[in-house]
Amino acid sequence: MDIAARVADLLLSSGQSNSDTRAQVHAVMSAYGLHYCHVDIVMNTITIHTSVGTGEDKRPVTVFHVASGVAVDFAKLSAVDQLIRSIHSGATPPAMAERILEDITRQKPPHPWWVTLLGWGVMGGFISVMLGGDLLVGVISFFVSMLIIGVNDWLGSKRLPPFYQNVVGGFLAVVPVAGLYHFAAQNGITFSPSQVIGMGIIVLVAGLTLVQCLVDGITHSPVTSVAKFFEAMMMTGGIIGGVGLGIQFAQFAGIELPPLEIIAPPVYHEVPLLVLCGAIGSAGFAVACHAGWRETFVSALTAGAGMLFYYLILIPFGVGPVSASALSAVAVGLAGGLLSRRYMIPPLITGIVGYTPMLPGLTLYRGMYASLNEQMITGFTNLAMAIAISGGLAAGVVFGERVARRLRRPQYFRPYSAFKRAGRYSFAKAAQLARHTRIPRVPMSPFAPRAMRPQRPPRTSTRYSVLQGEAEANPEEKSTDR
């Protein structure tokens, strides 16, 4: 139970939903032979309860664990996933599992800090080009992304709350861009700062749980979903507040940002470049979250599949942004689920990285800019659309992943359902029914060695067994009968 609680801690800290974490906890305990357990996960608290013994010797056993804060670390998530697979196969005893969990907890990031910072820069540069920017916009976004993350990491080392980090990040997403725009306009160089600011918002929103909290609500965890949604809205409010402060500071300094222009939909010859930029930007985000090279490559393919579905199928038919994002997220969940099972990586990595290019960063900036310029209807419309896009992404990813689970089922040891059916009866009632009915037999693990499997008793009748036992107890009567 303690091993399962620590596994749940690492899964929740990486952004796993409550329903998937609860299923993994049941699977780990069932693989070790502990089947009658109740698991309750609320926000960051994990409670596992069971009863040991029967009759008067029956006593309750409860394990309570508090998970740490959400810090997206794909390296630890991959290591925990490999440990769970090993436990399922019966290759890892409990003592070894405890040592592996200790190693995972103390595991250092696979990439140095400068590689992580470059990953954020690559993400910002290529996603800004995907949003409609040119080469100059991509270069500016590359350095602005590294500036935002570098300052936030430094503030995090000083234990500044994340809300204020997001306010500073939103401020830095606007003020340097406004200064560069003013300097470029004086030298006859023009570029659109909206793509850079929208990219900065996407970089800040990517590390939040705005989509993941909606996933918890969809998968029957309403209490956790409400708590995470309020936290995500607070963090998003910090970003919006920082962007608003940056816009007002630029106006106070005499720098007027240009009005938001309407971006025309891309033509067909631009689609390959946009898909490539989205895939490379997603790969940079995976590297920034300490993913391995295999996870990075598969995640980039998943993001590319989602963007290709978005541009080539949905845009020509005139579908709105909310429906387009939701249907593209279905493709991301389906492709990511199949590829992750093929290459033995957690589906959560492909899901989070896959929908990152479709996060509504530019829509949030449009809503904030319109609200500050006395266009309240336009501003609230864009803010509501950003929330709707996040909900569509969550619903689409969950649905695509569910379809992938039906298409490619993992061959795991699943005895919990049989024990659940057998557990409907008490011990005395089960013993009474055993004389007349057949109790459901629990399957053995398909990976267990056959030498360790128990032998089934010979199928003899009760009358013959009783007569045979009496004959062995009285050998004289046996010889007389003969």
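**View 1. Strands β1 and β2 run antiparallel and are joined by five bridges.** In this predicted model, β1 spans residues 38–42 and β2 spans residues 45–52, strands being DSSP runs of E with at least two residues, numbered from the N terminus, and two strands pairing if DSSP finds at least two bridges between them. The two strands form a hairpin with two residues between them, and M43 in the turn has a positive phi of about 55 degrees. V42 stands opposite T45 of β2.

**View 2. Strand β3 (residues 59–66) is joined to β2 by eight bridges, the two running antiparallel.** Six residues lie between β2 and β3 in this hairpin, where G53 in the turn has a positive phi of about 95 degrees. I48 has V63 in β3 as its bridge partner.

**View 3. The axes of helix α7 (residues 162–186) and helix α10 (residues 222–252) come within 7 Å and cross at roughly 35 degrees.** Axes are lines fitted to C-alpha atoms over the stretch in contact, with angles from 0 to 180 degrees between N-to-C directions, and helices are DSSP runs of H or I with at least four residues. The contact (heavy atoms within 4.5 Å) includes F163, F171 and V174 of α7 and M234, I239 and F249 of α10. Its residues divide into 15 nonpolar, six polar and no charged, with Gly counted among the polar ones.

**Notes.** Residues are numbered from 1 along each chain as its sequence is written, and side-chain values use heavy atoms, leaving out hydrogens and water. Local features need pLDDT of at least 70 and side-chain atom pairs count only at pLDDT 80 or more, whereas totals for chains, interfaces and linings use all residues.
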